[in-house]
Each structure stands twice: as structure tokens, then as C-alpha cells.
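Take a first look at the model below. A short tour of its parts follows.

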Amino acid sequence: MASNLDTLVTVFGGSGFLGRYVVRTLCKRDYRIRIAVRRPELAGHLQPAGKVGQIHAVQANLRHPASVEAAMRGSSVAINLVGVLAESGAQTFDAVQARGAETVAKAAAAAGSRMVHVSAIGADERSSSRYARAKAAGEKAVLSAVPSATVLRPSVVFGPEDQFTNRFAALARMSPALPLIGGGVNKMQPVYVGDVASAVADAVDGKARAGATYELGGPEVLTMREIMEIIMEITERNRMLISLPFGLAKLQALFLQFAPGALKLTPDQVALLRSDNVVSDAAKAAGLTLEGLGITPDSMEAIAPQYLWRFRAAGQFQKKSA
């Protein structure tokens, strides 16, 4: 029987948050990994995830089809993880998540390779969010070029290096009050990055249905208010939660989109918060979920304390540890 070491998998966006977990999971399953990134010299942190020679980084930019085609040579599977939460220069939603996804899919089709494409719950061509519309366009382009591709749509992904729980924990450390856009009643189904990586690897293994779209969510559906309360409890920060109407939030975002770090908020992110971000009943009924892949998802309350403890006040942490 052929070994997975005979299978070369090209991971586009393999050096990012989700990418490092996908690479680590694939290495444990003995695949050979080609990491296709804009700056290969910054992907060195991934080498310890595999055996000597198992991981190789190459230069590829989704806006340059020739580089994508070169990255796919000899590869049996393409995984596209590339996405942006906020636009910057040439890295627009359409360039990266729509046309970029199409470029990867066409290269995979030309190479006769299978494809796994990571999108997002909420991808909708009719959405008021340009992010969500671009995600939907990317899915459509991928399935047009590679009809057998597996599409994975995670809800908001959390983990040690995320820009979600860490962001709000940082805000709780610096601010006496935290805003709840739209009252914080919108629902999410936070999913652990390790579980999403397992789903990607399962798709590479051939365990997922070809041409199907899976929706990946954690074990709990939580409102934004509940998520903030969990983060404050973990970090032992007692902060006021102030409801912020969508109109005012959008106005503030016109200025905060230029802010650094945790303070950054774009009008498009405000638009995304108008809709719930949860696994649909249709996906559950069809078995197109983590559970359908045989994965039991981890909760945010079980995982987040393992890394958010560093946001606690020093005195509180010392007292709790004593």
C-alpha cells in the first residue's frame, strides 16, 4: 500500500494562523508538504513540525498565476487557506479570496490535483459585507474549476495565535469598558483551530465527500456578549459591556479602520456582525459538519484558558497560583 510520503500536498497560506496547524497535522500523517507563501523566508518556524526534508517552502503569490502554477508542479493535492480579515493595498478581498482562489483552483485543475478550499460560514454573494461576497465568489470559482473540491466553511476560529479571543482579551486589559456592537446578540459557533486542521487533513485523506461544502462549528452556539463574558472570566477582568448601535459602530469604524492592533475595526467587519455565524440546520441534516467527519469539537471554555491566562493581571495570577 502506498505511503502518504508518496503524496505531495501544496498548502497555500501555510504560514498563517490556521496554516501552521494544518501543516503540523499533515506532517503527523506523514504527507510531504510544500508551503506556498509570498515570503518563504518567514516560514522557517514550520520546519520543526515535520521530519527532515518533509516540509519545503516556495514563493507563490495568488495575484501572479505563474507562481501558483509552479507551486503546484508534481503536487497531488492543493489546499487553499489564503484569506484576509481586512484589506491592505493590493491585498483586497476580491484579489485574494475571489480571484486568488480561482487561480489556485485553475492551477490544481491543470495539474490534475485534488483540492481542499477553506472558506467561511457566512459566505454569501448577497451579503452586505464585501468579505462575505468575496468568499462566496471564491467558492463558486473553485467548484467551477475543480467540481470535486471539498469546501470547508468554519465559523470564527479561535486558538493561541488567533485575532479573535486574543484581541478582546487585549482590549479588556487596556480599557475599562468593552463595546457590544448591535447589543452583542449576534450568534457565533467558535471552533478550535486544531479541529479545523483535522477536518482539512481528513479531506486530504479522502474522508470528506467530493464536491461537498462542510460547515465547521464548535460544540456551543454563543452570543457575542457571552463570548466576551467568557473571555473576561478567563482573564479575571471585570469590565463594563456597553451596547453600541450598528449605525454608531459603522461611524466609528470609518476612523478605527486605520487604528493599530486590537483597536482596529473596519466598516466591513461591522457589516459581518449583522448576521449570525453558526452551522446551518441543512449542514447538520446532511452530516456536513465536524461531527459528520467523526471529529468531536473542543469548546472555547476548555481551550482558551490554556493561552489567555497571560492577559490576567500579574497580582491576580500570582494569587491564584499560590
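Against which strands and helices do the buried residues of H5 pack? They pack against strand E7 (157-158), strand E8 (177-181), helix H7 (224-235), helix H11 (300-303) and helix H12 (305-308). Contact here means heavy atoms within 4.5 Å. Helices (H or I, at least four residues) and strands (E, at least two) are DSSP runs, numbered from the N terminus.

This is a predicted model, in which local features need pLDDT of at least 70 and side-chain atom pairs count only at pLDDT 80 or more, while totals for chains, interfaces and linings use all residues. Residues are numbered from 1 along each chain as its sequence is written, and side-chain values use heavy atoms, with hydrogens and water left out.

**Helix H5**

Helix H5 spans residues 165-174 and is mostly covered. Seven of its ten residues are buried. Buried means under 20% relative accessible area, exposed means over 50%, and partly exposed lies in between (1.4 Å probe, protein chains only). The buried residues of H5 are Thr165, Asn166, Phe168, Ala169, Ala170, Leu171 and Ala172. Arginine 167 lies over the face of phenylalanine 168, at 5.9 Å from the ring centre. For such a placement, NZ of Lys or CZ of Arg must be within 6 Å of the ring centre and within 35 degrees of the ring normal.

**The sheet**

Seven strands form an open sheet with parallel pairing. Their order is E3-E2-E1-E4-E5-E6-E11. Two strands pair if DSSP finds at least two bridges between them. Strand E3 (55-59) and strand E11 (213-216) are the edge strands, and each pairs on one side only. On average, neighbouring strands of this sheet are turned by 20° against each other, direction ignored. Axes are lines fitted to C-alpha atoms, for helices over the stretch in contact, and angles run from 0 to 180 degrees between N-to-C directions.

Look next at E4. Four bridges join E1 to E4, and the two run parallel. Valine 9 stands opposite valine 77 in E4. E4 and E5 also run parallel, joined by four bridges. Isoleucine 79 stands opposite valine 116 in E5.

In a regular strand, side chains alternate between the two faces of the sheet. Both faces of E4 are covered. Val77 and Ile79 lie on one side, Ala78 and Asn80 on the other, and all are buried.

Leucine 152 stands opposite tyrosine 214 in E11.

**Helices across the sheet**

Helix H2 (residues 65-72) lies across strand E1 (8-12), strand E2 (32-37), E3 and strand E4 (77-80). H2 runs at about 150° to E1. Helix H3 (residues 93-111) lies across E1, E4 and strand E5 (114-118), running at about 165° to E5. E4, H3 and E5 make a right-handed β-α-β unit. Right-handed means that, with the strands pointing away from the viewer, the path from the first strand over the helix to the second runs clockwise.

A search of the whole structure finds four aromatic pairs. Rings of Phe, Tyr and Trp (its six-membered ring) pair if their centres lie within 6.5 Å; planes under 30 degrees apart count as stacked, over 60 as edge-to-face and the rest as tilted. Two of the pairs are listed here.

| Pair | Centres apart | Planes | Type |
|---|---|---|---|
| Phenylalanine 17 and tyrosine 21 | 6.2 Å | 80° | edge-to-face |
| Phenylalanine 164 and phenylalanine 168 | 5.7 Å | 90° | edge-to-face |

Phenylalanine 17 and tyrosine 21 are four residues apart in helix H1 (residues 17-28), so about one helical turn separates them. Phenylalanine 17 is partly exposed, with a relative accessible area of 22%. Tyrosine 21 is buried, at 8%. In the other pair, phenylalanine 164 is buried with a relative accessible area of 9%, and phenylalanine 168 counts as buried at 15%.

The charged end of arginine 24 sits over the ring of tyrosine 21, 4.9 Å from its centre.

Is arginine 20 buried or partly exposed? Arginine 20 is partly exposed, with a relative accessible area of 23%. This residue lies in helix H1. Leaving aside neighbours within four places in sequence, arginine 20 is in contact with Gly14, Ser15, His45, Leu46 and Glu161.

Aspartate 30 follows H1, and its phi is positive, near 70°.
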